Amino acid sequence: MTSARKRILAAFSVVIGAVAQAAAADPLIVNADSRDGQSLDGEWTYSVDPYRDGLAGFHGGPVGQGYARFDPRDVDAYTRENPSALFEYDMRKADKVDLPSSWINHAPEMRHYQGLVWYQKIFTPTIKKGERSFVRLGAANYRSYVYLNGTKLGEHEGGFTPFLFEVTDHLKPGENVLSVGVDSVRDETSVPPPVTDWETYGGITRSVKLIQLPETFVDDVFARLTDADTMAFDVQLDGPKAAGQKIQVSIPALNVSLSGKADAEGHWSTTTNVPAALEKWSPDNPSLYDIKVQSGKDSVEDRVGFRTIAVDGTDILLNGEKIFLRGISMHEEEMGPDPSRIMTEEAVRALFTEIKDGLNGNFVRLAHYPHAELTTRLADEMGLLVWSEIPVYWRIDWTNEETLDAALAMQQENILRDRNRASIVLWSIGNETPLSDARNRFMMTLADAVRALDPTRLVTAALLTETKSEDGVLTAHVDDPLSDSLDVLSVNTYNGWYGSVPLADVSEVRWRSDHDKPMIFSELGAGAQKGFADPDLMRKFSEDYQAEYYRETLEMADHVPFLAGLSPWILKDFRSPRRQHPVYQNGWNRKGLISETGERKEAFDVLSDYYAGRAER
Ligand code: GCB
């Protein structure tokens, strides 16, 4: 376990006012995008290192000088002065690329590369005396090794959450060299494991930023409703003057202005009555408020919505009222023939508009890992309820403590990044995990950790069920032992596509649950290649089959009394290396309701009409 990870996990034991704080961990820098500093996006150079020579010598000893791609030296200038020196790389002369972006589109030969790639960025910072500086990476997939001017800052495991290092003492005036080795290869102990059903997208896939802050700064803010009448704020300061420093929270549009003092740990919690003027956030009225938290020389601003989410028996209640989640699942992949996970605002807006306006949806499942911060911010702004998930997927190494640590760390990084997003209503702790005692223990630990960090949202996981004949009726029984630890039961169901239930029988399947809890169909779906019409034979992969599958399955959904929503699989065809049918797939999972370029398939209208009807009920 890295020392950074140990510090992160230590944070779980620091519980103040029932909400775990990031106090004991490295600084978090909430709402980092809004902070002063310098973008390190744009031009970088890169060099592949398939034998990982930049991590160790070939006999296992220290890295040889000739292979140390994290070394900031100008190799060309050095060899002019030292003609006998041997270097087998030169980062300054290496190919240039624009980051953030997965490397799969850097060059044709990178398309299927899995392994270590070194990146280098040369930049000149503006150093302000007395300020602290941090290098923050929004995400790099999967394991990162970060160096500044040849000094190792640290490592990070996990492809979808932000991490940062303080560089106050490492920056120098003039040219600085940031080097990042990113290794996309995962092993059996990783989260997710090596086998998934999506493209790995190795590389630095989210923005890199040099953040500059006063010596003592506002590190974390958690603003939310704890019940219909109470607005609560937790603020965490970081720095030598944190203890006892004054803190002010204001929301001008609501006339909220609160102040207090940080305790010895730099923490302050406060509550106030919900102002009468508050318009609660909902998909129909996604009202956001400017909030400012000021302390000493620092202030941080955000736009935050306030709402409650709860369950009552088999219902989900948003702001106290029953809501049916009209959703769809989505991978983090932009539309177009050749995506490389560049999630610009335009790219996310295009996908969300298809959900909101095209499908009449109010909900999106961001599968199967934390998506970009920009994405959850746009969900806040556009009015989509969000399911946010960590990649505890399929065959996890349940008995391995380090695997559990990795999952806990990812979950913490995700929740602390996003717990001010009103759109997020469900934290999912995993997807389709095979039953065992070890799995139950692992997942229950995750559920407890979610509640310690954020007791204001619902915990769920996508579960598996079997459909069997009971007294001559096809019956699916929700009996996963994890159910007791979840607020909302979610089930992936593919009768009519996978398994032996014929499509014509799907609408007859009955659902039975041992729990008085809401259930969501977190997945259902069938593949179709856009343009393949087959009305007579109705073969799989035809648009006709997919549309019929939706009609049958939605009819089944209508007979489930405890169903509180759906997020069918999936909005858009997405890249998946395990899908290689040469006629229909060619590396794409075809269960999208739109093709990879955004063309709607027949089933799109089936779901859109169904949701229009559901919205009326
Ligand atoms: C599932 C998985 C999802 C797959 C999907 C499929 O159950 O959760 O990741 O992509 O099925 O298409 O088979």
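Predicted model: local features only at pLDDT ≥ 70, side-chain atom pairs only at ≥ 80, totals over all residues.
Which residues have the most contacts inside the largest nonpolar core?

**View 1. The largest nonpolar core and the surroundings of Phe521.** The largest nonpolar core comprises 118 residues, and those with the most contacts inside it are Phe352, Val392, Ile429, Trp511, Met519 and Phe521. Helix H6, spanning residues 437-453, gives the most to this core, with eight residues. Another core, of 30 residues, lies apart from it and includes Tyr46, Ala107, Val117 and Phe165. In soluble globular proteins, nonpolar side chains tend to be buried together. With neighbours within four places in sequence left aside, Phe521 is in contact with Val491, Thr493, Trp511, Met556, Ala557, Val560, Leu563, Gly565, Leu566 and Ser567.

**View 2. Arg417 in helix H5.** Arg417 belongs to helix H5, which covers residues 401-418. Arg417 counts as buried because its relative accessibility is 7%, under the 20% limit. A polar atom of the Arg417 side chain lies 2.7 Å from the backbone oxygen of His371. Not counting residues up to four places away in sequence, Arg417 touches Arg136, Phe160, Pro162, Arg206, His371, Ala372, Glu373 and Thr376.

**View 3. Two cis peptide bonds in loops.** The bond from Val191 to Pro192 is cis, with omega near 0°. Pro192 is found in the loop between strand E13 (176-183) and strand E14 (203-204). The bond from Trp569 to Ile570 is also cis, with omega near 20°. Ile570 has its place in the loop between strand E36 (563-566) and strand E37 (574-575).

View 4. Asn360, although not a glycine, has a positive phi of about 60°. The loop holding Asn360 runs between helix H3 (345-358) and strand E27 (363-366), and at 26% relative accessibility Asn360 counts as partly exposed. Asn586 has a positive phi near 50° and lies in the loop between E37 and strand E38 (588-589). The relative accessible area of Asn586 is 46%, so this residue is partly exposed.

Note on methods. Residues numbered from 1 in each chain as written. Heavy atoms only, no water. Helix = DSSP H or I, 4+ residues; strand = E, 2+ residues; numbered from the N terminus. Buried < 20%, exposed > 50% of the residue type's maximum accessible area, 1.4 Å probe, protein only. Polar contact = N/O pair within 3.5 Å; in protein donor to acceptor, adjacent residues only side chain to side chain. Contact = heavy atoms within 4.5 Å. Core = buried A, V, L, I, M, F, W, Y, C linked by side-chain atoms within 4.5 Å.
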